[in-house]
Amino acid sequence: MIELSGRTVGIWGLGKEGLSMARTASAHGAERIIAVDDRAIDGSAPDIERLTVRYGADAPNTLRDTDIVFVSPGVPWQHPIFEDMRRNGPPVSSAADWYMTRHGAQTIGVTGTKGKSTTASFLAHLLAGLGVPAVAAGNIGTPLSDLSPASGQWVVAELSSQQCALLSTSPAVAVITNLYQDHLDWHGDIASYYSAKAAVFAGGARVLITTAGVTSALRGVGIEQFPPVHELSTTGVYRPAGDSVLAYPHNAINAALAAAAAAEVLGRPVTEAEIDSAAANFTGLPHRLQTVRTAAGRRWIDDTLATTGESVVAALSAMPADDRIALIVGGMDRSLDYRQVDEFLCAGTRDVTLIQAPTNGALIGAGFAGAHPDRVHRVEGLEEAVRLAAGLPGVDIVLLSPGAASYDLYRNYEAKGAAFCAVIDSL
């Protein structure tokens, strides 16, 4: 267990998680807290006892004189000072690691390339409906270092690969939804990315709940040590009844993973009736196939959290087979492979008009554009994309599923989603 009393604590990054860890260090009696960030937040330092804040690109060097450094998820793994600390000290940790060393036995950790937010949210919702006190936290909302769960309460922790990378202790139950190519700009290569995800179970999880595709991917990068594994099939998965968002094919798998994790807590299987009951009043999450506007028989769908090719294919597959779709793609280029998007579009299983927006939209569906130039439009920005989609005849759905992160032109995916809605409302 990490002790902070009387120690000099470093905090690298003053986002939500870094601020939480600074408050935690102060509450646990740290003698001094030195926090660093690239730039001032709102022009002033946070009001936390014994906290000193330093800003600028050279500020991380001041952390070398601390007893332990808590690194926020946004700090690149390959940052030279971060790399040097991992080799030579001081010891590095994270808010998620701090929490897990204390409360991992009451925690279900959910990670994966996509689907982790939906899986974690539905799992907490499912458990609560079955009488088990549960809260979803971590990457999805409340920082883990803000929590101290009561006896009998479970925390469903959504964990990004960056948060997993620094875990020394795993949650009791580990869930990995899927593994695709992603975050290579942060991790450097696919093996490092998958290895970071594996930390969700490598530090003592009692069970790993996942699919055969995930365990195969992990073995493919040399990971052979697993806890007991509960592998779910991705075919023939039970789909919740009704028109729940969990009835989408990819979300049905997320719901099945959540049900399997809930069974570990309950000590018994979760019935289909219990899944249906929970799914019926589960509204889903913003920016994940969220219908944001409906007008003149046309649905406008915000799927800005679709930041990989696999996510775009999942979104298209979830659309009604007979609907005509205007698909808007494009965002920050991270050198991802988009062949699966071309394969899906060229197969013709959905009637799609493709709108390629900056920054990397021209790379997404490039093969489809070559084969069907009359069904592809390249635009200069999101506003032009929305206006073009609004003018296309016979379109039933306009789907913003970018296949890339939003940080090239927007603060985050929420900002891009808000811009999408603003342009629709201006029409």
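**View 1. Gly115 touches Thr177 and Asn254, leaving out residues up to four places away in sequence.** Touching, or contact, here means heavy atoms within 4.5 Å. This is a predicted model, so to speak of local features a pLDDT of at least 70 is needed, side-chain atom pairs count only at pLDDT 80 or more, and totals for chains, interfaces and linings use all residues. Residues are numbered from 1 along each chain as its sequence is written, and side-chain values use heavy atoms, with hydrogens and water left out. Gly115 sits in the loop between strand E6 (107-111) and helix H4 (116-129); helices (H or I, at least four residues) and strands (E, at least two) are DSSP runs, numbered from the N terminus. With 22% relative accessibility, Gly115 counts as partly exposed; buried means under 20% relative accessible area, exposed over 50%, and partly exposed in between (1.4 Å probe, protein chains only).

**View 2. Lys116 is part of helix H4.** Its relative accessible area is 12%, so Lys116 is buried. Beyond residues up to four places away in sequence, Lys116 touches Val110, Thr111, Asn139, Glu158, Leu159, Ser160, Thr177 and Lys197. A polar atom of the Lys116 side chain lies 3.0 Å from the backbone oxygen of Gly112. An unreviewed UniProt entry lists Gly112, Thr113, Lys114, Gly115, Lys116, Ser117 and Thr118 under "binding site"; UniProt positions are in the numbering used here, feature names are shortened, and annotations may be inferred rather than shown by experiment.

**View 3. Six strands make an open, parallel sheet in the order E7-E8-E6-E9-E10-E11.** The edges are strand E7 (134-138) and strand E11 (229-232), each pairing on one side only. Neighbouring strands of this sheet are turned by 20 degrees against each other on average, direction ignored. Two strands pair if DSSP finds at least two bridges between them; strand E10 (residues 207-211) and E11 pair in the parallel sense over four bridges. Thr210 has Glu231 in E11 as its bridge partner.

**View 4. Helix H9 (residues 249-266) lies across E6, strand E8 (154-158), strand E9 (173-176), E10 and E11.** H9 runs at about 165 degrees to E10, with axes taken as lines fitted to C-alpha atoms (for helices, over the stretch in contact) and angles running from 0 to 180 degrees between N-to-C directions. Ala261 belongs to helix H9 and is buried, with a relative accessible area of 0%. Apart from neighbours within four places in sequence, Ala261 is in contact with Ile108, Leu123, Val173, Val175 and Ile209.

**View 5. Helix H14 (residues 382-391) has Leu382, Ala385, Val386 and Ala389 as its buried residues.** They cover an arc of only 95 degrees around the axis, so they are on the same side of H14; the arc is that of the directions from the helix axis to the C-beta atoms. The buried residues of H14 pack against strand E13 (298-302), strand E14 (324-329), strand E15 (351-356), strand E17 (397-400) and helix H15 (413-426).

View 6. Most residues other than glycine have a negative phi, and most peptide bonds are trans. The bond from Pro358 to Thr359 is cis too, with omega near 5 degrees. His287, not a glycine, has a positive phi of about 70 degrees, and with 12% relative accessibility His287 counts as buried. Ala296 also has a positive phi, about 50 degrees, but at 91% relative accessibility Ala296 counts as exposed.

Methods. Polar contact = N/O pair within 3.5 Å; in protein donor to acceptor, adjacent residues only side chain to side chain.
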